[in-house]
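Thanks for coming, everyone. Let me put the sequence and the structure up on the screen, and then I will go through a handful of local features one at a time.

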Amino acid sequence: MIIRFGLIGCGFISKRHIKAISDCRQAELSAVSDLKEDRMQEAIADFKKHAGDNREVSAYLNYQEMLQNENIDVIVITTISSLHAKMTLEALNANKHVILEKPMALSIEEANEIIALSAVKQKKVMVCHQLRFLPLLSKMKEVIASGKIGAPYYAIASIRINRSAQYYETAPWRGTWKHDGGMLLNQGIHLVDLMQWFLGDAVKVSGEIFQKNKSKETEDAALGIVTFKNGARGIIEANVISQPNNIGYALSVFGEKGTLSVEGPSLSKVSRWHINGEVMEIEKLEQFSRAADEQLAMYENFICSLGEENAELLLSEIEGKKALEIIFAMYQSALTNQSVQLPMKEFSTVNMLKEERD
């Protein structure tokens with residue numbers, strides 16, 4: 001079974017998707033779409049280089065024309081954040097499956113629309129939280145779920161990175177609440193997703209944010225406390241103003257019988273792996289994780305879910321909404337100075353604009 005993909009958005013992040021499609025034996029890139037002809041041609045050339053052949057790839061300046069191509073099975077969306085939900089809904093209405101870059105939407109309403117339409121059309125939507133496929137993080141999930149560290153007490157997700165003023169100036173949509181969403185939605189969402197994957201459903205969130213870079217609208221730092229259904233707590237600490245450059249990412253889980261802590265650019269370094277009564281060969285686990293291709297594993301899981309009746313899609317639209325909602329709740333809490341109960345009935349990142357609140 002060959003699954004044929006159409007890609008909307010040929011910017012920087014699309015390169016990872018193109019490589020994963022070219023490396024996947026059951027995948028084929030059939031078409032690309034972008035507003036710029038040169039970026040489409042670059043994407044096609046990139047795919048042919050990785051795939052090692054000269055198969056034809058169609059190019060569409062109008063993505064809606066691509067959606068009508070009956071030879072395409074899956075639409076991959078790697079555009080600016082504000083177009084994610086709109087394009088996903090259009091692709092579902094065109095009877096396509098969807099692979100969607102994070103964040104899946106900029107409002108609760110849009111996320112709910114995607115979930116509902118996916119069910120009606122019986123088409124799959126996968127949200128790209130690919131870090132779940134790293135062997136080290138999969139092992140953390142397995143250890144926590146098995147009860148080896150006992151009841152989890154709390155977790156800490158730390159994002160300490162740098163995004164310069166130039167980063168925002170080179171793409172004017174970045175750093176805007178309407179088109180981009182906040183720092184947590186873009187730089188922090190992967191660790192928030194992992195935290196809730198490890199600890200389960202969240203029921204209450206409190207948050208604070210602040211902004212120092214006045215050349216954009218969105219927050220530069222965020223602090224949050226999440227209460228989970230099982231009684232565990234989560235602490236989220238994130239910023240894009242670490243000087244002079246990135247410090248990195250870290251995720252720790254503390255339980256009654258153990259402590260698991262990882263760090264590094266891809267969370268592939270173990271800083272603590274203690275389970276009462278058990279010895280783990282940490283170096284082998286780290287090496288195995290560093291050698292893994294989480295993007296390819298994500299695509300393979302998606303394709304498997306299309307072809308096998310009982311195959312689980314690890315990153316469905318329902319899963320994708322969970323981290324999104326925690327972050328939205330942090331933003332809402334920061335606006336109201338009150339904790340927010342989940343599930344949320346409504347929220348949009350445009351709520352964060354001062355003129356929308358006045």
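I would like to begin with Lys-19, which forms a salt bridge with Asp-23, the closest N and O atoms being 2.6 Å apart; a salt bridge here is a side-chain nitrogen of Lys or Arg within 4 Å of a carboxyl oxygen of Asp or Glu. Before going further, please keep in mind that this is a predicted model, in which local features need pLDDT of at least 70 and side-chain atom pairs count only at pLDDT 80 or more, while totals for chains, interfaces and linings use all residues. Residues are numbered from 1 along each chain as its sequence is written, and side-chain values use heavy atoms, with hydrogens and water left out.

Both Lys-19 and Asp-23 sit in helix H1, four residues apart, which is about one turn of the helix; helices (H or I, at least four residues) and strands (E, at least two) are DSSP runs, numbered from the N terminus. Lys-19 is partly exposed, with a relative accessible area of 35%, and Asp-23 is likewise partly exposed, at 32%. For these labels, buried means under 20% relative accessible area, exposed means over 50%, and partly exposed lies in between, using a 1.4 Å probe and protein chains only.

By the salt-bridge rule, the count for the model comes to 16. Another of them joins the side chains of Glu-294 and Arg-16, at 3.2 Å from N to O. Glu-294 belongs to helix H10 (residues 294-307) and Arg-16 to helix H1 (residues 14-23), so this pair ties together parts that are 278 residues apart in sequence. Glu-294 is buried, with a relative accessible area of 9%, whereas Arg-16 is partly exposed, at 35%.

Lys-322 counts as partly exposed at 26% relative accessibility, and Glu-319 counts as buried at 17%. Salt bridges that share partners join Arg-132, Asp-193, Asp-201, Glu-319 and Lys-322 into one network.

Let me turn to Ala-111, which is found in helix H5 (residues 108-121) and counts as buried at 0% relative accessibility. With residues up to four places away in sequence again left out, Ala-111 touches Met-104, Ala-105, Lys-321 and Leu-324. Ala-111 and Val-226 are 115 residues apart along the chain, and their C-alpha atoms are separated by 21 Å.

I will finish with the backbone. The peptide bond from Gln-243 to Pro-244 is cis, with omega near 0°, and Pro-244 lies in the loop between strand S10 (233-239) and strand S11 (248-255). The peptide bond from Leu-342 to Pro-343 is also cis, with omega near 5°, and Pro-343 lies in the loop between strand S14 (340-341) and helix H12 (354-357).

Which backbone angle is positive at Leu-267, although it is not a glycine? Phi is positive there, at about 50°, and Leu-267 sits in the loop between strand S12 (258-263) and strand S13 (269-275), where Leu-267 is buried, with a relative accessible area of 1%. Asn-337, not a glycine either, has a positive phi of about 60°; Asn-337 lies in the loop between H11 and S14 and counts as exposed, at 71% relative accessibility.

Technical notes
Contact = heavy atoms within 4.5 Å.
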